[in-house]
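Let's take a look at how two protein chains meet in this model. The structure comes first, and a short report follows.

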There are 2 protein chains.
Amino acid sequence: MRGMTPERETRYRDGLRSAASAGRAILEAGGSAMDAAIAAVVDMENGGTFNAGLGSCLTSAGTVEMDAAVMRGSDRGIGAVASITSVANPVELSRAVMDRTPHCMLAADGALAFAREQGFALRENFPPPSRLAEWEGKRARLKARAAGKTLEQGLAELGGVLGDQEDEVRHDPVGDDHDTVGAVAFDSAGGVAAAVSTGGIWLKMPGRVGDSPLPGAGFWAVDAAGASVATGTGESLMRVMICKHVIDRIESHGDPERACQEAVELLEKHFGPNQGGVIAVGPRGGLGWAINTNGMGRSMWRGGMKDAAVAVWPDEDWDRAR
Amino acid sequence: MRGMTPERETRYRDGLRSAASAGRAILEAGGSAMDAAIAAVVDMENGGTFNAGLGSCLTSAGTVEMDAAVMRGSDRGIGAVASITSVANPVELSRAVMDRTPHCMLAADGALAFAREQGFALRENFPPPSRLAEWEGKRARLKARAAGKTLEQGLAELGGVLGDQEDEVRHDPVGDDHDTVGAVAFDSAGGVAAAVSTGGIWLKMPGRVGDSPLPGAGFWAVDAAGASVATGTGESLMRVMICKHVIDRIESHGDPERACQEAVELLEKHFGPNQGGVIAVGPRGGLGWAINTNGMGRSMWRGGMKDAAVAVWPDEDWDRAR
């Protein structure tokens, strides 16, 4: 995050604003919180800038395995997919699991078969070659580090060519970009919803499932309480059920901002700094966010605002951004 | 559950007692709560009587896809596997995910590759032919019911032969046996642990993941608070985070029995009767259980008891069983 080039930061902020604007369009047209949250996440899956959909990071085998989920506050409806390949919009597939099956979660080949049966778009030549070059760089860095060698030595051994990616790889320690995307929304009927999508973590073991598709961990949404989504080290987030904790805290005192801070404090108490962050919307549309990392892109829009507000760094709060 | 033949009920009670005795042996030898909970679940995976391991129910495609998980209260360590085939003891594989990978959950092919790499035993000719006959009967029943036909007509169309399974199929409505197995344990050092394993639900869609491998839903364990595991309709259990709720309630008032009842009341409030049940151990080794179904096999042993106690029906409580 820190160490992003100015070009990447611009692309990143544009991607965040675009996602919030996609959600805004749904809400302004009278759509539901669920539709708005999904629209925002689809926008990020398609943009290629974030670690979800097109921009998903790769497993240790150089493959893409994505997780995604949705939750609708009105009936606690849940749809989730885990460890899926090639589906263009995993968050849309999650919604189909919720709406068109008797189940809440489908994984791997079963999820892909369902996607095919339902006519979902699949990506071809996925991951793209540029992503594979980045993968080689990360592997080289990891192997070099493990062997106590320089990155140049590691790259030479792998025969990898980084090209344009080289600067980014050098600045981006392996596994240190958890740009899982998520959105929460609150609609004019008072409904809340959460949606989340991710490629997981760089060089994860094939089959690894993180917090994103796990209810209570990567997302949670209950009408009259609130909705929350998380990003960060899934293996820590799930061990404190961070999103369920956020919503439980909102139910206790009503303040989404305080609830997010309390949840991240709990996370830090158990697992130390640099673990992740959460965003939340409360039962009357109030917003909260908190992180214990060096940055987390976030964007928000509410009725009456001319344009979506965007922020990335810890010291950049909603007020300054608005 | 109701409608079990006397022979099946005997086998069922024997299986429960055997599992508790396997856990007891570990604890008497000074082993940890984690080892004891896993030993109990391994025993049920191997027995063939329950819906886990050898006795797993089948998907709509006639395949076995199992979910399992473990959680250690001391450090909230989690290991889980989802949608795995052929591994003899999914709960042991879950433990390996916790102890020998940087991750908490592996799914499908990635989990199987890890199992092979770690030398885990795989079952051959799995599912066994007897199970496939039962599968044909269930499919016939489901199709006949959907088409408004009698079971005989449905069977005739499928050409299925039930043989010895026929009585059981007739008494056992499709999807009404959620014999997910689980165990909680409390050791002499005050540690708690949870372990769970399942074949899921009969005729589930391939890839369907239930509550069992989802932290907070199918299991939860935190030292000085307690451990809990659940069984029932996963799609309902995960929408109230039932095991996390049990432990939160124990943290609030200290009584595992009351906590289990409160959790099942919450489940019933949202999803009606016949959804499932939970068992729990509290921070000082007290036990609790609650169901809103017509039965749930359970067994318990504590230091000083001559033999493990077993109960199946709702009106059969720990006291009567002891």
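## The interface

Chain B and chain A bury about 2900 Å² between them, with 68% of it on carbon and sulfur atoms; buried area here is the accessible area (1.4 Å probe) that two parts lose on being put together, summed over both. In chain B, B:Arg76, B:Met205 and B:Arg239 lose the most area to chain A, together 22% of what that side buries.

This is a predicted model, in which local features need pLDDT of at least 70, side-chain atom pairs count only at pLDDT 80 or more, and totals for chains, interfaces and linings use all residues. Residues are numbered from 1 along each chain as its sequence is written, chains are lettered from A and ligands numbered from 1 in the order in which they are written, and side-chain values use heavy atoms, leaving out hydrogens and water.

## Contacts across it

Counting contact as heavy atoms within 4.5 Å, 35 residues of chain B touch 35 residues of chain A. How many salt bridges does the rule find across the interface of chain B and chain A? It finds 0, where a salt bridge is a side-chain nitrogen of Lys or Arg within 4 Å of a carboxyl oxygen of Asp or Glu.

## Chain A itself

The secondary structure of chain A comes to 11 helices and 11 strands, taken as DSSP runs (helices H or I, at least four residues; strands E, at least two) numbered from the N terminus. Among contacts in chain A between residues at least 6 apart in sequence, 62% join residues at least 24 apart.
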